[in-house]
Amino acid sequence: MKGLDLERLQAYLDSPPLSGTMFAGGKSNLTYAVTDGVNRWVLRRPPLGHVLPTAHDMVREHRVLDALSKAGFPVPRPVRLCTDTDVIGAPFYLMEHVDGTIYRDAALIEKIDFRALTFTLVDTLADLHSLDPAAIGLGDFGKPEGFNARQVRRWKQQLDASRSRELSGIDELHARLATDIPAGGPGAVVHGDFRLDNVLVSDELTVNAVLDWEMSTLGDPLSDLALMQIYAGRPLLERDGRPFAPIDIPGHPTLDEIAARYAERSKRDVSDLHWYVGFAAFKLAVILEGVHFRYTKGQTVGPGFDTVGAMVPALVEQGHRALEGH
């Protein structure tokens, strides 16, 4: 498999012969299912052409999983961290395999109580934000003060590092976001990429594990809520090869209902999310532009990368609309 040398991994683990498969769907860090015939693990490593040192830091991702699993939050338990790049060509970590369904098929979603599942996801996000970072060993995992301002600067820097074409309106969107940045309230552990297909769901529609913690830090929890709302309207799902947005599936709550549920569970004020939604659209646009940039450089692995770049202009437009109150 591209990106994972099973023979070298087997030698490092001193294990019986290994087999593995690559998980589809990921556009950033690479994820593989690995087994020795008895034990099952999931391996995470940076992409082949990584450009976000913090996001692709395996030590940070391993650390947050360890802390959250010990705190009882639903994440896979990490079992091995390797920072020696001589093993498979990049740092990586192994975590326990967790059973569950990742919902990407719209036809499959229509067979479940999608409204109940969506509210369960909202509750899970609120529960994450209720954890005391210091009490679970993550007090120094980030700097909540000035988080929003740093995020605006960081994603502008990332945009500048990923430029390969003209993107109408994206610099203007950044400028608008930078003029009136919310101070934010008390910091919390934020996931940074919380969405439907980053969660393993049980048959009973409970959350077995939240995945993909590469962008987690301490920051403003409303950033997670706003990004979840942005993702609700994005074509994350497929049915018969056609893209679907979660919010277009029967039963999905409205964005106002999602915000109200979060407010009830978290006791946080969500009365004005316009800036947060605008920034979430900008952030996702930059992330996808980075994926598109790596695709043009031949640094991606797996299917689906050829269509990512086409999603960016609509996100830029959505960010402007959000700032205008729409």
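Reader: Is S216 buried or exposed, and what is its relative accessible area?
Author: In this predicted model, a residue is called buried when its relative accessible area is under 20%. S216, which lies in the loop between β8 (207–210) and β9 (217–219), falls below that limit, so S216 is buried, with a relative accessible area of 3%.

Reader: Which residues is S216 in contact with, leaving aside its neighbours within four places in sequence?
Author: Contact here is a matter of heavy atoms within 4.5 Å. Once the neighbours within four places in sequence are left aside, the residues in contact with S216 are R60, V64, F141, V190 and H191.

Reader: Where is D212 found, and what is its phi?
Author: Most residues other than glycine have a negative phi. D212, found in the loop between β8 and β9, is not a glycine, and yet its phi is positive, at about 60°.

Reader: Is D14 buried or exposed, and what is its phi?
Author: A residue counts as exposed when its relative accessible area is over 50%. D14, placed in the loop between α1 (6–13) and β1 (19–22), has a relative accessible area of 70%, and therefore it is exposed. Although D14 is a residue other than glycine, its phi is positive, near 50°.

Reader: Why can the buried residues of α8 be said to line one face of the helix?
Author: The buried residues of α8 are I258, A259, Y262 and S266. Seen down the axis of α8, these buried residues line one face because they fall within an arc of 95°. On the other side of the helix, the exposed residues are D256 and E264.

Reader: Which residues have the most contacts inside the largest nonpolar core?
Author: The largest nonpolar core has 74 residues, and its largest share, twelve residues, comes from helix α9 (residues 274–296). Apart from this core lies another one, of 15 residues, among them L9, L18, V87 and F92. Inside the largest core, the residues with the most contacts are L68, W213 and F282.

Reader: Which residues is W213 in contact with, leaving aside its neighbours within four places in sequence?
Author: W213 is one of the residues with the most contacts inside the largest core. With its neighbours within four places in sequence left aside, W213 is in contact with R44, E61, V64, L65, L68, F73, V75, L128 and H191.

Reader: How many helices and strands are in the protein chain, and what is its radius of gyration?
Author: The protein chain has ten helices and eleven strands. For 326 residues the globule rule gives 20 Å, and the radius of gyration of the chain is close to this, so the chain is as compact as a globular protein of that length, with a value of 19 Å.

Key. Residues numbered from 1 in each chain as written. Predicted model: local features only at pLDDT ≥ 70, side-chain atom pairs only at ≥ 80, totals over all residues. Heavy atoms only, no water. Buried < 20%, exposed > 50% of the residue type's maximum accessible area, 1.4 Å probe, protein only. Helix = DSSP H or I, 4+ residues; strand = E, 2+ residues; numbered from the N terminus. Arc of directions from axis to C-beta. Rg over C-alpha atoms; globule rule 2.2 N^0.38 Å. Core = buried A, V, L, I, M, F, W, Y, C linked by side-chain atoms within 4.5 Å.
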